[in-house]
Amino acid sequence: QVQLVESGGGLVQAGDSLRLSCKASGRTFGTFTMGWFRQAPEKEREFVAVITWKEGSPYYAYSGDSTKGRFSISVDISKNTVYLQMNSLQPEDTAVYYCAGDPIYSSDYFRTDPRHYDYWGQGTQVTVSS
């Protein structure tokens, strides 16, 4: 069983930055795929970014088109934590942000569909004022 806990959300102004964290527990973190998704009120859950790694193998990261160039995903395996660095935040980035993961290495395609993930965090609210 895997537990995921997000943190780092808050209320910021347009143009500000935030860094979200997702800490995993419950199993070893040496092989994993972690994605970030977001959901605004009355909208579907949207892919934000994904990263996949396996000890001894290259890691791969990919960001969605709506946030590319502003958001980046990274991992600190020693801390069992994945980060989402969000720069130049805009009001349209306002949403609940979720991390989702699976103990697999997905180097052949990027897992951008939320249905691909078995484990989810509780979400953290990000609100960007204009």
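Residues are numbered from 1 along each chain as its sequence is written, and side-chain values use heavy atoms, with hydrogens and water left out. In this predicted model, local features need pLDDT of at least 70 and side-chain atom pairs count only at pLDDT 80 or more, whereas totals for chains, interfaces and linings use all residues.

A disulfide is taken as a pair of cysteine sulfur atoms within 2.5 Å. The count under this rule is 1 disulfide. The bond joins Cys22 to Cys99, with an S to S distance of 2.0 Å. The link of Cys22 and Cys99 is right-handed, with 60° about the S-S bond. Cys22 lies in strand β3 (residues 18-25) and Cys99 in strand β9 (residues 95-102), so the pair ties together parts that are 77 residues apart in sequence. Strands (E, at least two residues) and helices (H or I, at least four residues) are DSSP runs, numbered from the N terminus. Burial is expressed as relative accessible area, computed with a 1.4 Å probe on protein chains only: buried means under 20%, exposed over 50%, and partly exposed in between. Cys22 is buried at 0% relative accessibility, and Cys99 is buried with a relative accessible area of 0%.

A nonpolar core is a set of buried Ala, Val, Leu, Ile, Met, Phe, Trp, Tyr and Cys residues joined through side-chain atoms within 4.5 Å. The largest such core has 28 residues, and those with the most contacts inside it are Leu4, Met34, Trp36, Val82, Leu84, Met86 and Tyr97. Two or more residues of this core come from each of β3, β4 (31-39), β5 (46-54), β7 (71-76), β8 (81-86), β9 and β11 (124-129). A second, separate core has 5 residues, including Phe37, Phe47, Val50 and Tyr117. Phe37 is placed in strand β4 and is buried, its relative accessible area being 0%. Between Phe37 and Lys79, which are 42 residues apart in sequence, the C-alpha to C-alpha separation is 21 Å.

Aromatic pairs were assigned to rings of Phe, Tyr and Trp (its six-membered ring) whose centres lie within 6.5 Å; planes under 30 degrees apart count as stacked, over 60 as edge-to-face and the rest as tilted. The structure holds 11 aromatic pairs. One of these is the stacked pair of Tyr62 and Phe110, at 4.9 Å centre to centre and 15° between the planes. Tyr62 lies in strand β6 (residues 60-63) and Phe110 in the loop between β9 and β10, so the pair ties together parts that are 48 residues apart in sequence. Tyr62 is partly exposed at 27% relative accessibility, and Phe110 is partly exposed at 33%. Ring pairs also link Phe37, Phe47, Tyr62, Tyr98, Phe110, Tyr117 and Trp120 into a cluster.

A charge sits over a ring if NZ of Lys or CZ of Arg is within 6 Å of the ring centre and within 35 degrees of the ring normal. Arg45 lies over the face of Tyr98, 4.0 Å from the ring centre. The charged end of Arg19 sits over the ring of Tyr83, at 4.1 Å from its centre. Tyr83 is in strand β8 and is buried at 11% relative accessibility. With contact defined as heavy atoms within 4.5 Å, and residues up to four places away in sequence not counted, Tyr83 touches Arg19, Leu20, Ser21, Trp36, Ser72, Ile73, Ser74 and Asp76. The C-alpha atoms of Tyr83 and Met34 are separated by 9.8 Å, at 49 residues apart along the chain.

Two further residues are Ser106 and Thr124. Ser106 lies in the loop between β9 and β10 (119-120) and is buried, with a relative accessible area of 4%. A polar atom of the Ser106 side chain lies 2.7 Å from the backbone oxygen of Tyr109. Leaving aside neighbours within four places in sequence, Ser106 is in contact with Thr33, Thr52 and Arg111. Thr124 is in strand β11 and counts as buried at 11% relative accessibility. A polar atom of the Thr124 side chain lies 3.2 Å from the backbone nitrogen of Gly9. With neighbours within four places in sequence left aside, the contacts of Thr124 are Glu6, Ser7, Gly8, Gly9, Leu20, Ala95, Val96 and Tyr97.

Definitions and conventions. Polar contact = N/O pair within 3.5 Å; in protein donor to acceptor, adjacent residues only side chain to side chain.
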